[in-house]
Amino acid sequence: MYLDKQNEFSNAQPVSLLGDTVSTHVLDCGEGAGDGSPLYLVVLVAQTVTSAGAATVSVSLEGDDVENFPAARTLWQGAATGKASLVAGHRLAAVALPLGAGRFLRVKYTVATASLSAGAFSAFLVRDPQTWSAQADAL
């Protein structure tokens with residue numbers, strides 16, 4: 001999996017407040033950009049989440065034709081994930097970018113139930129997401 005700085009929404013972006021936090025970067029896909037190869041949104045937990053309460057985090061991908069997102073469309077939304085699962089290295093998403101996503105893209109992190117005292121996330125687009133993970137031998 002190759003990472004391109006130009007396709008990065010967040011790089012260990014801290015997220016703590018209840019409600020929505022948008023990604024540090026907005027990607028400009030241009031008009032008719034791409035060569036027809038699929039792109040994948042990958043979202044990883046960069047720093048283990050801690051919270052005094054039973055916090056959850058959900059992630060969504062938004063698109064719009066205007067850079068300040070006056071009419072943001074939710075293109076994909078992941079399920080809320082509890083803080084116990086939000087450990088460094090955990091992959092929250094590896095999903096194909098939908099067709100007709102719009103010129104501008106951003107990621108939105110939604111914290112619910114309780115604010116976070118620590119936690120950071122990375123999100124980016126790649127052509128070949130790494131989905132393999134080691135498993136215990138069942139022998």
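Analyst: The model is predicted, and the labels are taken up one by one below.

User: Why is Ala-12 called partly exposed?

Analyst: Its relative accessible area is 37%. Buried requires under 20% and exposed over 50%. The value for Ala-12 falls in between, so Ala-12 is partly exposed. Ala-12 lies in strand S1, residues 8–14.

User: What makes the phi of Ala-12 worth a remark?

Analyst: Phi of Ala-12 is near 55°. That is a positive value in a residue other than glycine. Thr-113 is another such case, with phi near 75°.

User: Why does Thr-113 count as exposed?

Analyst: Thr-113 has a relative accessibility of 59%. The cut-off for exposed is over 50%, so Thr-113 counts as exposed. Thr-113 is found in the loop between strand S9 (104–112) and strand S10 (118–126).

User: How do you know that strand S5 is largely enclosed by the rest of the structure?

Analyst: Strand S5 covers residues 56–64, and nine of the nine are buried, so the strand is largely enclosed. Both directions are covered. Thr-56, Ser-58, Ser-60, Glu-62 and Asp-64 point one way, and all are buried. Val-57, Val-59, Leu-61 and Gly-63 point the other way and are buried too.

User: What makes S5 and strand S7 a pair?

Analyst: Pairing needs at least two bridges. S5 and S7 (residues 81–82) have two, in the antiparallel sense, so they qualify. Within S7, Thr-81 is the bridge partner of Val-57.

User: How do you know that S5 also pairs with S9 and S6?

Analyst: Nine bridges join S5 to S9, and the two run antiparallel. Val-57 has Val-111 as its bridge partner in S9. S5 and strand S6 (residues 73–77) pair over four bridges, again antiparallel. There, Glu-62 is bridged to Thr-74.

User: Why is the one aromatic pair called stacked?

Analyst: The structure holds one aromatic pair. The ring centres of Tyr-109 and Phe-121 are 5.3 Å apart, and the planes are at 25°. A pair needs centres within 6.5 Å, and stacked needs planes under 30 degrees apart.

User: Why are Tyr-109 and Phe-121 called buried?

Analyst: Tyr-109 has a relative accessible area of 0%. Phe-121 is at 0% as well. Buried means under 20%, so Tyr-109 and Phe-121 count as buried.

Methods: Residues numbered from 1 in each chain as written. Predicted model: local features only at pLDDT ≥ 70, side-chain atom pairs only at ≥ 80, totals over all residues. Heavy atoms only, no water. Buried < 20%, exposed > 50% of the residue type's maximum accessible area, 1.4 Å probe, protein only. Phe/Tyr/Trp six-rings, centres within 6.5 Å; stacked < 30°, edge-to-face > 60°.
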